[in-house]
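Have the structure open and follow along.

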Amino acid sequence: VQGILPSTILTTAQSNTYPAGSAEKAAFEYLNAERLRDGFGAVAQSAPLDAAARGHADYNLLNFAFGHYQRAGDPGFTGIEPHDRVRASGYGPSGFAVMTDATAANYYDASNAPPIDQVARLLNAPFHMASLLSGMRDLGVAVRSDADVPASPVPALITQFSGAYVGSAGPQLPATGQVLVYPCNGSTGMHRALYGERPHPVPGRDLLARPLGRSMYVYSRPGSTLIVGSASLTLSAGGPAIPLLPPSKEGDFAASHHTFIAADVPQAANTAYTFTVSGTVSGTAFSKTCQFTTSSEYIRPEDEPK
């Protein structure tokens, strides 16, 4: 049909060369499995992006920093912006677009921050969730601690992702009219509370005093107009609906093709929930029903994603 653009989503994961049993392998494969489970597409390991991720993780450790930018002259400096660091890593060979620069850091109890939990934490922070589920094709990951960087001024553990795609390949995109939701299709271990994120996902709300619960991401092909007509979150075993915030249009979510819908209160541990959402995408009706199970983890305020 004229005007319908096909999917460019990759449905098969390639092998990776992270050492068996390594934190990097666990983090990479967990994210890839979540992307594949819900239709966002497999990513491939990239050695240059691994280097970019490792450099930024080490910079954060050396400077007790936590964010997306670096300052020239600081110890471990590898580039001011994510684009600079990806370029310096040798990723290419032609033009490229950086799709994610996601950091999960624990500066308080580095012994209690398993990499899969760090990734799950990022996947309940709306802006980071959208970034990690974006159309990137290639991904690098580094899991680094003060044991790797003895000059770190504090005990810490950082999980850092750097993702991109080469311009000639273009991003991974769903077909015109297709709607993707995360979490969905039986995802387990989903984080159930959010005490904060930078940028702030709900301006004006004190998340330390009133944390959000689970956030659900609703996504269609960029350029589409996604309108959510109704959404509900319930215990899969039955019961009253859980209060939800309206679909967000904050920050990057002002783009018409995607939004997130957050539970107004944290969810119970190790519990199955059902999320249902319906509406239109560029005028065509859609309806999705998704089931997921929460984890036992309850994110602490000091561990908020950056």
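A residue counts as buried when its relative accessible area is under 20%, and as exposed when that figure is over 50%. Keep in mind that this is a predicted model. With that cut-off, Phe96 is buried because its relative accessible area is 17%.

**Aromatic pairs**
- You can find nine aromatic pairs in the structure.
- Take Tyr18 and Phe28: their ring centres sit 5.3 Å apart with the planes at 50°, so this pair is tilted.
- That pair links distant parts of the chain, since Tyr18 lies in the segment before α1 (23-37) and Phe28 in helix α1, ten residues apart.
- Tyr18 and Phe28 are both buried.
- Phe96 pairs up with Tyr91 in an edge-to-face way, at 5.8 Å centre to centre and 85° between the planes.
- Tyr91 is buried too, because its relative accessibility is 8%.
- Ring pairs also tie Phe40, Phe127, Tyr217, Tyr219, Phe253 and Phe260 into a cluster.

**Around Ser187**
- Ser187 belongs to strand β6 (residues 187-190), and its relative accessible area is 0%, so it's buried.
- Leaving out residues up to four places away in sequence, Ser187 touches several others, including Tyr182, Gln291 and Phe292.
- Glu34 is another of these contacts, and its side chain makes a polar contact with the side chain of Ser187 (3.0 Å).
- The C-alpha atoms of Ser187 and Thr294 are 8.6 Å apart, though 107 residues separate the two along the chain.

**On the surface**
- Tyr69 sits in the loop between α2 (47-63) and α3 (82-89), and with a relative accessible area of 54%, Tyr69 is exposed.

How values were computed: Residues are numbered from 1 along each chain as its sequence is written. This is a predicted model: local features need pLDDT of at least 70, side-chain atom pairs count only at pLDDT 80 or more; totals for chains, interfaces and linings use all residues. Side-chain values use heavy atoms; hydrogens and water are left out. Helices (H or I, at least four residues) and strands (E, at least two) are DSSP runs, numbered from the N terminus. Buried means under 20% relative accessible area, exposed over 50%, partly exposed in between (1.4 Å probe, protein chains only). Contact means heavy atoms within 4.5 Å. A polar contact is a pair of N or O atoms within 3.5 Å; within protein, one must be able to donate a hydrogen and the other to accept it, and residues adjacent in sequence count only if both atoms are side-chain atoms. Rings of Phe, Tyr and Trp (its six-membered ring) pair if their centres lie within 6.5 Å; planes under 30 degrees apart count as stacked, over 60 as edge-to-face and the rest as tilted.
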